[in-house]
Each structure stands twice: as structure tokens, then as C-alpha cells.
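Here is a short briefing on one protein chain, arranged by topic. Look at the sequence and the structure before reading on.

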Amino acid sequence: MHPASSDSPTPDAILQLAVDALDELKAVDIKVLDVRELTTVTDYMVVASGTSGRQVRALSENLQKRSKEGGVTLLGIEGERDAEWVLVDLCDVVVHVMNPTSRETYQIEKLWTQPPGGSVEDAATAP
């Protein structure tokens with residue numbers, strides 16, 4: 001999605017780093033969404049849950065640490081203070097770390113897997 005210098009990690013490498021960092025601290029229900037056909041903002045979105053605010057914060061901090069170690073540009077972080085929903089923007093990969101209540105309420109996966117021109121209900125009832 002973004003021009004990369006020869007020493008920048010590829011979007012796929014950033015994705016793998018993010019998933020590994022989340023898995024390392026036992027994130028729950030890690031989902032990878034390929035959104036390249038849906039937006040120009042990012043290539044992949046990763047959605048994962050922590051079982052508590054403390055784990056959500058720890059997952060986000062580990063992701064940030066591993067990203068810096070891997071030479072990944074960290075564009076921004078939102079929601080760390082409350083640790084209900086932390087967004088970590090790694091440019092080609094945007095990671096949402098959420099507590100179970102926020103994840104159920106906002107249903108990010110449904111938003112980004114909705115068929116073009118259809119509704120979420122259409123997607124759920126399609127054969």
C-alpha cells in the first residue's frame with residue numbers, strides 16, 4: 001500500500017510480527033482481515049481480544065515493543081488509557097485490541113467483511 005524503502009518490512013512481515021506479538025501474550029480470538037480491496041488506508045486489520053483491561057494494555061505494549069524492535073513505523077496509538085479498545089496503527093497493518101464487551105458492541109469484523117452494496121444482514125443470510 002505504501003512505498004517501502006529497501007530496509008522497511010513488507011506489509012506481510014508487519015502482519016506476521018503483529019500476530020506473533022499478540023499470540024505471545026495469549027490474545028483471544030485473533031482475526032486477520034485483508035482490506036486491500038475495501039480501503040486505501042491500510043492493507044490489513046487485525047482484531048484481537050484481551051480478557052481484561054490489564055491484558056488489553058499488555059498486548060498493546062508488547063505489540064509496540066515488538067514493532068520497534070522489528071523496525072516497523074508506529075504511526076499512532078489510541079485508547080491506551082482506558083484499555084477497553086486500543087488501536088495501534090502500523091501503517092500497512094492496523095491492530096484493534098479490545099476487551100470482549102467492546103468487541104461484541106462494535107463488531108469490527110462484520111463492518112470490514114460486509115459485501116459491497118450489501119448489508120450485514122445480507123451477508124449473514126447469503127447462501
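**Cores and a loop residue**

The largest nonpolar core holds 21 residues, and Leu22, Leu63, Leu90, Val93 and Val95 touch the most other members. A nonpolar core is a set of buried Ala, Val, Leu, Ile, Met, Phe, Trp, Tyr and Cys residues joined through side-chain atoms within 4.5 Å. Buried means under 20% relative accessible area, exposed over 50% and partly exposed in between, with a 1.4 Å probe and protein chains only.

This is a predicted model, in which local features need pLDDT of at least 70 and side-chain atom pairs count only at pLDDT 80 or more, while totals for chains, interfaces and linings use all residues. Residues are numbered from 1 along each chain as its sequence is written, and side-chain values use heavy atoms, without hydrogens and water.

**Asn99**

- Asn99 sits in the loop between β5 (93–98) and α3 (100–106).
- Asn99 counts as buried because its relative accessibility is 15%.
- Beyond its neighbours within four places in sequence, Asn99 is in contact (heavy atoms within 4.5 Å) with Gly50, Val56 and Glu84.
- Thr51 is 48 residues from Asn99 in sequence, yet their C-alpha atoms are 6.1 Å apart in space.

Methods. Helix = DSSP H or I, 4+ residues; strand = E, 2+ residues; numbered from the N terminus.
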